[in-house]
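User: Hi! Could you walk me through this one while I have it open?

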Amino acid sequence: MSDVSILSNQYNQLVATSDKVNNSVITFKKEYLLTDKSNKDKYPKLAVSAEEHAEAKKTLTAFLDNIKKIMDDNELKSDFIPSLIILDYKNRLSQHHDLENGLKTLIDRVANDQPIEYKELLVLDDLLTVLDSERSTLFRKLRKGRG
């Protein structure tokens with residue numbers, strides 16, 4: 001398999017992961033907004049269905065558990081993060097100082113259907129920022145490989 005094919009496959013895997021995780025985070029952010037009565041009044045059409053919540057929880061729980069394994073156990077296999085960038089992803093995550101504590105709390109809250117708090121939303125934002133950064137980096141590599 002050529003380098004471009006490998007990059008393309010890895011990029012497609014990362015795009016799929018990024019899209020699924022981003023959609024799950026949006027669902028949890030909607031739920032967070034709906035905990036405030038004034039937001040319910042301001043945005044009466046904003047809602048999260050039980051199916052939407054269940055799918056977001058399933059996706060996010062699997063993703064977060066995998067990220068925790070990568071960070072804790074030096075796991076270098078992932079259903080979510082392409083093997084080509086997994087070490088770089090881990091290194092970028094380790095630059096976020098309180099991510100490990102926040103990640104544990106976030107996993108517990110999501111797994112136990114507890115409401116997400118603002119500080120957990122910040123952890124999610126950090127995870128997505130790094131994920132999107134890796135996606136951009138991989139895209140540039142792919143573009144250079146074709147050009």
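Analyst: Happy to; we can go through the core, a helix, a loop residue, the salt bridges and the aromatic pairs. Keep in mind that this is a predicted model.

User: Great, core first. How many residues are in the largest nonpolar core?
Analyst: That core has 35 residues. Those with the most contacts inside it are Phe63, Leu64, Ile67, Ile81, Tyr89 and Leu127.

User: And which elements give two or more residues to it?
Analyst: Helix 1 (3-34), helix 3 (50-73), helix 4 (86-94), helix 5 (99-111) and helix 6 (118-146) do. Helix 6 gives the most, with nine residues.

User: What does Ile81 touch?
Analyst: Setting aside residues up to four places away in sequence, Ile81 touches Gln13, Phe63, Ile67, Ile70, Ile86, Tyr89 and Leu131.

User: Nice. Switching to helix 5: what span should its 13 residues have?
Analyst: At 1.5 Å a residue they should span 18 Å, and the end C-alpha atoms are 18 Å apart, which agrees.

User: Which residues of helix 5 are buried?
Analyst: Leu99, Gly102, Leu103, Leu106, Ile107, Arg109 and Val110 are the buried residues of helix 5. Looking down the axis of helix 5, you find its buried residues within an arc of 165 degrees, so they line one face of the helix.

User: What happens just after helix 5?
Analyst: Asp113 takes a positive phi there, of about 55 degrees. Asp113 also forms a salt bridge with Lys57, where the closest N and O atoms are 3.3 Å apart.

User: Where do those two partners lie?
Analyst: Asp113 is in the loop between helix 5 and helix 6, while Lys57 is in helix 3, so the pair ties together parts that are 56 residues apart in sequence.

User: How many salt bridges does the count come to?
Analyst: The count comes to eleven salt bridges. Among them, Asp41 pairs with Lys37, with the closest N and O atoms 3.3 Å apart. Asp41 and Lys37 both lie in helix 2, four residues apart, about one turn of the helix.

User: Is that pair buried or exposed?
Analyst: Exposed: Asp41 has a relative accessible area of 52%, and Lys37 is at 57%.

User: Which residues are linked in a network of salt bridges?
Analyst: Asp88, Arg92 and Glu134 are. Asp88 and Arg92 are four residues apart in helix 4, so about one helical turn separates them. Asp88 counts as partly exposed at 32% relative accessibility, and Arg92 counts as partly exposed at 22%.

User: Now a loop question: where is Val48?
Analyst: Val48 is in the loop between helix 2 (37-42) and helix 3. Its relative accessible area is 21%, which makes Val48 partly exposed.

User: What is Val48 in contact with?
Analyst: Leaving aside neighbours within four places in sequence, Val48 contacts Thr27, Lys30, Glu31, Leu34 and His53. As for Gln13, which is 35 residues from Val48 along the chain, the two C-alpha atoms are separated by 27 Å.

User: Last topic: how many aromatic pairs are there in the whole structure?
Analyst: A search finds two aromatic pairs. The rings of Tyr11 and Phe139 have their centres 5.6 Å apart and their planes at 50 degrees, so that pair is tilted. Tyr11 is in helix 1 and Phe139 in helix 6, 128 residues apart, so this pair links distant parts of the chain. Tyr11 is buried, with a relative accessible area of 16%, whereas Phe139 is partly exposed at 37%.

User: What about Phe63 and Phe80?
Analyst: Phe63 and Phe80 make an edge-to-face pair, 5.5 Å centre to centre with 85 degrees between the planes. Phe63 lies in helix 3 and Phe80 in the loop between helix 3 and helix 4, 17 residues apart. Both Phe63 and Phe80 are buried.

Methods:
Residues numbered from 1 in each chain as written. Predicted model: local features only at pLDDT ≥ 70, side-chain atom pairs only at ≥ 80, totals over all residues. Heavy atoms only, no water. Core = buried A, V, L, I, M, F, W, Y, C linked by side-chain atoms within 4.5 Å. Buried < 20%, exposed > 50% of the residue type's maximum accessible area, 1.4 Å probe, protein only. Contact = heavy atoms within 4.5 Å. Expected span 1.5 Å × (residues − 1). Arc of directions from axis to C-beta. Salt bridge = Lys/Arg side-chain N within 4 Å of Asp/Glu carboxyl O. Phe/Tyr/Trp six-rings, centres within 6.5 Å; stacked < 30°, edge-to-face > 60°.
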